[in-house]
Amino acid sequence: MSGLAVMHLKYPSLLQFDRDCVKNKETLVNYPEYVEIDPKGNKKYVNTWITDIKLTRENVAKVMRGGRARWKIENETFNTLKTQGYHLEHNYGHGEQHLATNLACLTFTAFLINQIEQLACKFFQQALEAKKSKKALWLGIRGLFDWFVIDNWEDVYTAIIGGRSVSLKHLVVDTT
């Protein structure tokens with residue numbers, strides 16, 4: 001945030017928000033607005049949030065930073081899920097009988113497992129380094145599953161790191 005940053009807060013901005021249409025319980029929410037202006041007076045960034053946190057002059061900047069951080073995390077996560085081999089699209093949230101929701105949940109689960117692997121598995125880290133991108137790594141893993149019997153992930157990652165599949169058993173196809 002370089003330059004002059006100006007933040008506007010619509011305050012008090014208690015709006016009625018219907019949380020539960022069935023029980024007709026309403027809650028009051030605040031609507032902070034952040035506007036960042038450069039030294040020439042041009043708007044560089046504008047955003048608004050809805051929160052049920054009580055806003056004061058003392059905490060509004062912290063709430064705003066939290067809102068921006070949350071948006072950034074969500075945006076980067078969904079960008080990863082869309083562009084790095086997970087193929088998650090907006091239409092996963094639509095569908096009949098919850099199929100699309102189930103597919104999205106499976107994708108989120110795979111992403112969570114992958115995040116844990118990236119942090120904790122040295123073989124995964126080395127395989128990713130060898131392949132240079134997650135998309136290339138996923139294609140390499142899928143190729144190994146097409147041709148070999150996979151007993152464990154260490155063998156998969158070792159084959160990718162070494163560029164060969166010596167430790168893997170060929171998949172035998174019964175053509176009779």
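Before the details, a word on conventions. The model is predicted, so to speak of local features we need pLDDT of at least 70, and side-chain atom pairs count only at pLDDT 80 or more, whereas totals for chains, interfaces and linings use all residues. Residues are numbered from 1 along each chain as its sequence is written, and side-chain values use heavy atoms, with hydrogens and water left out.

Let me start with the layout. The chain has five helices and five strands, where helices (H or I, at least four residues) and strands (E, at least two) are DSSP runs numbered from the N terminus. Along the sequence they follow the pattern β-β-β-α-α-α-α-β-α-β. Of the 176 residues, 26% count as buried, and here buried means under 20% relative accessible area, exposed means over 50%, and partly exposed lies in between, with a 1.4 Å probe and protein chains only. Among contacts with a separation of 6 or more, 36% come from residues 24 or more positions apart, a contact being heavy atoms within 4.5 Å.

Helix α3, residues 122-131, packs on helix α5, residues 153-162, at an angle of about 30 degrees with the axes 8 Å apart; the axes are lines fitted to C-alpha atoms, for helices over the stretch in contact, and the angles run from 0 to 180 degrees between N-to-C directions. That angle makes α3 roughly parallel to α5, given that angles under 35 degrees count as roughly parallel, over 145 as roughly antiparallel, 65 to 115 as roughly perpendicular and the rest as oblique. The crossing of α3 past α5 is left-handed, which is the term used if the near helix is turned anticlockwise from the far one by less than a right angle, with right-handed used if clockwise. On the α3 side the contact is made by F123, F124, Q126, A127, A130 and K131, and on the α5 side by E154, Y157, T158, I160 and I161. Sorted by class, this contact of α3 with α5 holds seven nonpolar, two polar and two charged residues, where Ala, Val, Leu, Ile, Met, Phe, Trp, Tyr, Cys and Pro count as nonpolar, Asp, Glu, Lys and Arg as charged, and the others, Gly among them, as polar.

How is α3 placed against helix α4, residues 134-147? These two pack at an angle of about 105 degrees with their axes 8 Å apart, and α3 and α4 are therefore roughly perpendicular to each other. F124, A127, L128 and K131 of α3 make this contact with K134, A136, L137, W138 and G140 of α4, and by class it has six nonpolar, one polar and two charged residues.

Staying with α5, its buried residues are D155, V156, Y157, A159 and I160. N152 caps the N-terminal end of α5, with a side-chain oxygen 3.1 Å from the backbone nitrogen of E154, and after α5 comes G163, whose phi is positive, near 75 degrees.

K132, in the loop between α3 and α4, also deserves a comment. Its phi is near 75 degrees, a positive value in a residue other than glycine. Most residues other than glycine have a negative phi. At 72% relative accessibility, K132 counts as exposed.

T80 lies in helix α1 and is buried, with a relative accessible area of 13%; not counting residues up to four places away in sequence, T80 touches Y86, F111 and K134. The C-alpha atoms of T80 and K134 are separated by 9.8 Å, although the two are 54 residues apart along the chain. G67 is also found in helix α1, residues 60-83, and counts as buried at 13% relative accessibility. N30, in strand β2, residues 25-37, is buried with a relative accessible area of 8%, and its side chain reaches the backbone oxygen of I53 at 2.9 Å, a polar contact being a pair of N or O atoms within 3.5 Å where, within protein, one must be able to donate a hydrogen and the other to accept it, and residues adjacent in sequence count only if both atoms are side-chain atoms.
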